[in-house]
Each structure stands twice: as C-alpha cells, then as structure tokens.
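This briefing describes a protein structure for a reader who is new to the subject. Please keep the sequence and the structure in view while reading the points that follow.

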Amino acid sequence: MHKRSRKSLLEVKWWGFHSRPFHTNRKYKDRLFQRIFDTPQDLLELYNAVNDTQYTNWEDLEITTLEDAIYMSMKNDKSFIISSTLNLYEHQSTWNPNMPIRGLLYFARLYDAYIARNGYDIFGHAQVALPFPQYIVFYNGEENCPEQCDLHLSDAFSQEFRHIQPAVECHAHVININRGHNHALMSRSHLLYEYSYFIGKVRDGLAQGLPLNHAIDASINVCIEEGILSDFLVKNRAEVKGMLLTEFDEKKFARTMKKEGFEEGVIEGIKEGVEKTQREIILHVLQSRSPEETASILGLPLEQILAIANISSEEK
C-alpha cells in the first residue's frame, strides 16, 4: 500500500464530495476490498486493469464516493472520475440481482452533484456535457458466476411492457474476482490478485474445518510470509480480522435467509421496491429543486410530485 501523508488524514473535497479519512472509528465499516483500494493510486491501478489502459498520473483521478451509500451496514462502493468517465465500483460477496437499481440511485446522485458543482443549466438551450458512466461490480461470492456478465435494470420492470424501450436503463457489469478467475485481469493488478489469493486462503481454512477466526489468523500468517498484502496485513491485522469476521457473518445470514425461503419474498417485493425507489429519487431532487422543476426534470406529473412532498411533510 502507498504511504499516506498527514494531509490524507484530513477531509478533502472533490467535485462536491468528501473523501473518507483513514480512521477506524467510523459509523460504518469498510469492507476489506474497499480498504485495499482506498487511495487514488490504487484505484487508478484497478481502473487500468479493468480497462486495459496505461494511465500513470493518479492526480487526474477525482474521488466522488458518496458518504452515505451503505450495504448491510458496510461501505462497499467507490466512485471516481477519470478521462471523462464516471466510474462506480462496488464489491459484492453475495449474489444480488438488484445491483442495477442501486446503480440507478447512485448515479442519479452523482450526476446531480456534478451538475450543481459545475453550475450547469439543465433548463438552457445548450447540451450539458456529462462524463460517461461505467458501473463495475466485483463479485467474489460462493454462488456460481461466469467470468463476466451483465445485469440490467430493465429486467426488474414489468414484462408486460418488454416490447417497449424503457425510458431509463442501467447496466451493471459483474466481474468474478474469485481465485482462479479472470487471469488476464489479475495479471494487470497485483492488488486485485493478492486480495483474491488472500480470500481464497481463508476459504481453504474453512473447508479444512477451521473455525472462522482461526482460518483468518492462519491466512494472514501465510500471506505475510509469502509477501501477499504483507505490509497492509502487518499494519492492519486486527482491523482486517474484524472486517472479515463481519463479512463472513453477513454471508451466513444471507444463506440462512435463502434457506428459509425469505429470498422468494424479497423477489415478490421488487415492484414495491421500484415504487419506493421512485419516491426516494423525487424526494432527493426536491431537496434542491422546486416541485415544478422536479416534475420537469423527472418527466412526472406535478400532482404526483406535490402528493409525495405532502406525504413526506406529514411523516416528519
């Protein structure tokens, strides 16, 4: 990992967002993947690996990660701008077909802040230029997953209208980063390879019947000896162990939910979730826009905007 200057412990703003200081007393914990790719230098390496590019100036990369985007109480997201692309990277250790819905909400907030930061007038006659969106999900769960695949927001829409092109779409490109997968990608990012190797070692220990905490300790020892994430593991051993204990507990919880049949109930609730998503988007835009502007931006009836605004006021 790269050495951090004193300045990196301060809160710095890019594009109206806040970078996250490297402290352990946060309200929400990072996943291990997020901590490993915590600096612009490391994110640039990952970006180059994913896109097979050769960018070298990490100062061209501008962090745009949202502070309050939380998945199961843990941070699993990174977003940044480089070379006119707006990149959202998320890590998942359980299979989640709803990532495009998360991406839609996340990108809406990213673009809203980008437009405000640059003082763009979306009601003017000139075309507003926006960075090109790229959404990558790094998956290392235990369910079967191809080397790479795509998830689409439109798959969540009512199939009654599948013959009509939807007004909005969001594609999540999923990359399997389990050990032994995507060799070309791993060869372009030593950090990604070492992370994949380390998690693989933990799973080896579990497969041998070791308790989780012992499997983590043994894997840390082996990787330090072999030079895998060695500096990071030496400096952050206790925190790494804590993060993995939490992450693996979440996986156990998710498996229990699936075994007991709750997952089917969640799938049945997708329509309700989409309606809630629309309401959240409306309320978010209303924070900085008038009801009339919100109706115009989202292409929705003013009466619907006012009704949701009134319900929200009553709930408060």
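Leaving out residues up to four places away in sequence, L32 touches Y195, F198, I199, F232, V240, M243, L244 and E247. The model is a predicted one.

**The chain as a whole**

- The chain has 316 residues, and buried residues make up 40% of them.
- Its secondary structure comprises 12 helices and 10 strands.
- Among contacts between residues at least 6 apart in sequence, 62% join residues that are at least 24 apart.

**Helix 2 with helix 5**

- Helix 2 covers residues 40–51 and helix 5 covers residues 190–207; they pack at an angle of about 90 degrees, with their axes 8 Å apart.
- Angles of 65 to 115 degrees count as roughly perpendicular, and helix 2 and helix 5 are therefore roughly perpendicular to each other.
- On the side of helix 2, the residues that meet helix 5 are D42, E45 and L46; their counterparts in helix 5 are H190, L191 and L192.
- The residues of this contact between helix 2 and helix 5 divide into 3 nonpolar, 1 polar and 2 charged.

**Helix 5 with helix 6**

- Helix 6 covers residues 212–226, and helix 5 packs with helix 6 at an angle of about 135 degrees, the axes being 8 Å apart.
- Helix 5 and helix 6 are therefore oblique to each other.
- The crossing in which helix 5 passes helix 6 is right-handed.
- Helix 5 takes part in the contact through Y197, F198, K201, V202, G205 and L206.
- Helix 6 takes part through L212, A215, I216, S219, I220, V222, C223 and E226.
- The residues of the contact between helix 5 and helix 6 divide into 10 nonpolar, 2 polar and 2 charged.

**Glutamine 148**

- Q148 lies in strand 9, which covers residues 148–152.
- Is Q148 buried, partly exposed or exposed? Buried means under 20% relative accessible area and exposed means over 50%; Q148 has a relative accessible area of 40%, so Q148 is partly exposed.
- Apart from neighbours within four places in sequence, Q148 is in contact with H173, V174, I175 and N182.
- Q148 and N182 are 34 residues apart in sequence, and their C-alpha atoms are 8.3 Å apart in space.

**Alanine 129**

- A129 is found in the loop between helix 3, residues 99–118, and strand 8, residues 132–139.
- A129 has a relative accessible area of 53%, and is therefore exposed.
- Leaving aside neighbours within four places in sequence, A129 is in contact with Y114 and Y120.
- A129 and I115 are 14 residues apart in sequence and 9.3 Å apart in space, from C-alpha to C-alpha.

Key. Residues are numbered from 1 along each chain as its sequence is written. This is a predicted model: local features need pLDDT of at least 70, side-chain atom pairs count only at pLDDT 80 or more; totals for chains, interfaces and linings use all residues. Side-chain values use heavy atoms; hydrogens and water are left out. Axes are lines fitted to C-alpha atoms, for helices over the stretch in contact, and angles run from 0 to 180 degrees between N-to-C directions. Helices (H or I, at least four residues) and strands (E, at least two) are DSSP runs, numbered from the N terminus. Angles under 35 degrees count as roughly parallel, over 145 as roughly antiparallel, 65 to 115 as roughly perpendicular and the rest as oblique. Contact means heavy atoms within 4.5 Å. Ala, Val, Leu, Ile, Met, Phe, Trp, Tyr, Cys and Pro count as nonpolar, Asp, Glu, Lys and Arg as charged, and the others, Gly among them, as polar. A crossing is left-handed if the near helix is turned anticlockwise from the far one by less than a right angle, and right-handed if clockwise. Buried means under 20% relative accessible area, exposed over 50%, partly exposed in between (1.4 Å probe, protein chains only).
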